[in-house]
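Welcome! Here is a short tour of one protein model, written for someone meeting it for the first time. Have a look at it, then follow the topics below.

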Amino acid sequence: ALATLADAQRLASVGTWEWDVVGGEVRWSRELFHQYGRDPDSFTPSYEGFIAQVIEEDRPRVQEALRRALEEGREYALELRIRRPDGAVRVQQTLGRLERDDAGRPLRMFGTTQDITERKRLEEERLGDTVHRIAASFAHELEEGRLVARIADEAVSLAAAASGALVMDGADCGGDVAFAEAIEAAPALREALRAAWRAGESVRRDDVGADAALAEGAPASLVSLLAVPIRSRTGEVLGGLVLGHPRPGRFTARVERLIAGLTAQAAVALDNARLYGKVRQGQEAAQLARAEAERTASILADQRSALEQIASGAPLASTLETLIESIERHADGALRGSVLLFDAEARVLRHGAAPSLPPAYNAAIDGVAIGPAVGSCGTAAHDDREVLVVDIETDPLWADYRYLALGHGLRACWSTPI
């Protein structure tokens, strides 16, 4: 039966272990000796021997997980990397359980460890393909706001984060706005992240609360943290991608590498989007400049036409009509113009030119006396000031002429003395 169990463990790459917390003795199954590249006849398992084979970068996380299991009764479950005596690096997934005595003191821990190196390799390949696919899709988005949001969403999904935001310098963030605002509202955390980004460094913490430099003011829901800078082609820090999770140890070194690869591609896409935006702004400015130049040229041509009419002795009414038609042509909206001539002797206004106003309306106001409340034109001539009426229907200056104007579709009127 023991031989059958050993064969099963070998086939599944699963070994078992037991640690006598009080006495310090550690026992491994034969499969676990195989995973660690050790000879069961010459090697004695121990806590110190186990820690020595854990990759140095992973040791603090493993030791912290063991401490929490012993002191706080937390679940001992994590992925870690070990280095065998032959130099080969293997990836393991380990699960453990703690037993206590009647007084609540730790007695022993026992559990299983599975070699998942091949599975992680295949996952890396698939995730690498995913990163390249996502990065390629970024190239098709040239609107910066949508691109920023897309980058944040893809990073959250890729890292299995609970929250995430792309925090950009001088621009709106993308992703979880509330999460980004919470990060910005924690001065110690915010400044620590920006200092790391300026140095070109990422920040990864299994437990933000255990880091005094980051914990002050940090949101309570932020336990695991991964923050990766985004730098342009020129080395300028554009911002950073911040990911969070309410459980500890959620972001491994592998996840950090994936997100760093994603942000490198995102930086290129952001550079391209900003360049496209500048080109588009330049094109729009050039179009506006061309339109303004064409408008100016047209106005100058109209001015030359009016001056030629004056020089040739053309009738005043004809010259005035040319000027009014030019104003109407270059004005925005359905503007209609007129010139009324002041008869000083009779103190009335005479029709001068109004090529677009209804003839019946022109006839009705021809010869109207100027006064302090005679529409816009009569009042402007009387008071020698500009008069602007935005609503003929309600303005008292048009009380005697309201229905005449409204009947011909006139709703507002501006007049200035010449």
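Which helices each supply at least two residues of the lining of the second largest cavity? They are α7 (177–184) and α8 (187–198). Please keep in mind that this is a predicted model.

**Cavities**

- A search of the whole structure turns up two cavities of 30 Å³ or more.
- The second largest cavity holds about 40 Å³ of space, and its lining is made of V167, I183, E184, R190, L193, R194, W197 and V242.
- Helix α8 gives the most to this lining, with four residues.
- Sorted by class, the lining of the second largest cavity has five nonpolar, no polar and three charged residues.
- The largest cavity contains about 210 Å³ of space.
- Around the largest cavity there are 15 lining residues, and W17, V26, W28, F50 and Y76 lie nearest its centre.
- Two or more residues of that lining come from each of β1 (14–20), β2 (26–28), α3 (47–53), β3 and β4.
- The lining of the largest cavity has 11 nonpolar, four polar and no charged residues.

- The largest pocket has a volume of about 1,200 Å³. Its lining counts 41 residues, and S338, C377, C413, W414 and S415 are the closest to its centre.
- At least two lining residues of the largest pocket come from each of α11 (316–330), β11 (339–343), α12 (359–365), α13 (377–383) and β15 (413–415).
- By class, 28 residues of this lining are nonpolar, eight are polar and five are charged.
- The second largest pocket has a volume of about 770 Å³. Of its 27 lining residues, A77, L78, P248, G249 and R250 lie nearest the centre.
- Helix α4 provides the largest share of the lining of the second largest pocket, four residues. Other elements that supply at least two residues include β3 (76–83), β4 (89–100) and α10.
- The lining of the second largest pocket has 11 nonpolar, four polar and 12 charged residues.

**Nonpolar cores**

- In soluble globular proteins, nonpolar side chains tend to be buried together.
- The largest nonpolar core here has 30 residues, and F138, L166, L243, I259 and L270 have the most contacts inside it.
- Each of α5 (117–138), α6 (144–159), β6 (163–168), β9 (224–231), β10 (237–245) and α10 (253–311) gives this core at least two residues. The largest share, nine residues, comes from α10.
- If we leave aside neighbours within four places in sequence, L270 is in contact with E144, L147, V148, I151, M168, I230 and L238.

- Helix α6 has 16 residues, so at 1.5 Å a residue it should span 22 Å; its end C-alpha atoms are 23 Å apart, which agrees.
- Buried residues in α6 include L147, V148, I151 and A152. Just after this helix, A160 takes a positive phi of about 55°.
- Helix α10 has 59 residues and reaches 85 Å from its first C-alpha to its last, close to the 87 Å expected at 1.5 Å a residue.
- Just after α10, G313 takes a positive phi of about 80°.

**Two residues in focus**

- R61 has its place in helix α4. Is R61 buried or exposed? R61 counts as buried because its relative accessibility is 13%, and buried means under 20%.
- Not counting residues up to four places away in sequence, R61 touches L78, E79, L80 and D206.
- T319 has its place in helix α11, and T319 is buried, with a relative accessible area of 5%.
- With residues up to four places away in sequence left out, T319 touches A306, Q309, I310 and A314.
- T319 and A353 are 34 residues apart in sequence, and 8.9 Å separates them in space, C-alpha to C-alpha.

Notes:
Residues are numbered from 1 along each chain as its sequence is written. This is a predicted model: local features need pLDDT of at least 70, side-chain atom pairs count only at pLDDT 80 or more; totals for chains, interfaces and linings use all residues. Side-chain values use heavy atoms; hydrogens and water are left out. A nonpolar core is a set of buried Ala, Val, Leu, Ile, Met, Phe, Trp, Tyr and Cys residues joined through side-chain atoms within 4.5 Å. Buried means under 20% relative accessible area, exposed over 50%, partly exposed in between (1.4 Å probe, protein chains only). Contact means heavy atoms within 4.5 Å. The expected span of a helix is 1.5 Å times one less than its number of residues. On a 1 Å grid over the protein atoms alone, a cavity is a set of points where a 1.4 Å probe fits but cannot get out, and a pocket is an open set with protein on both sides within 12 Å along at least five of seven lines; lining residues have an atom within 4 Å of a point. Grid points are joined across faces, edges and corners, and a volume is the space filled by probe spheres set on the points. Ala, Val, Leu, Ile, Met, Phe, Trp, Tyr, Cys and Pro count as nonpolar, Asp, Glu, Lys and Arg as charged, and the others, Gly among them, as polar.
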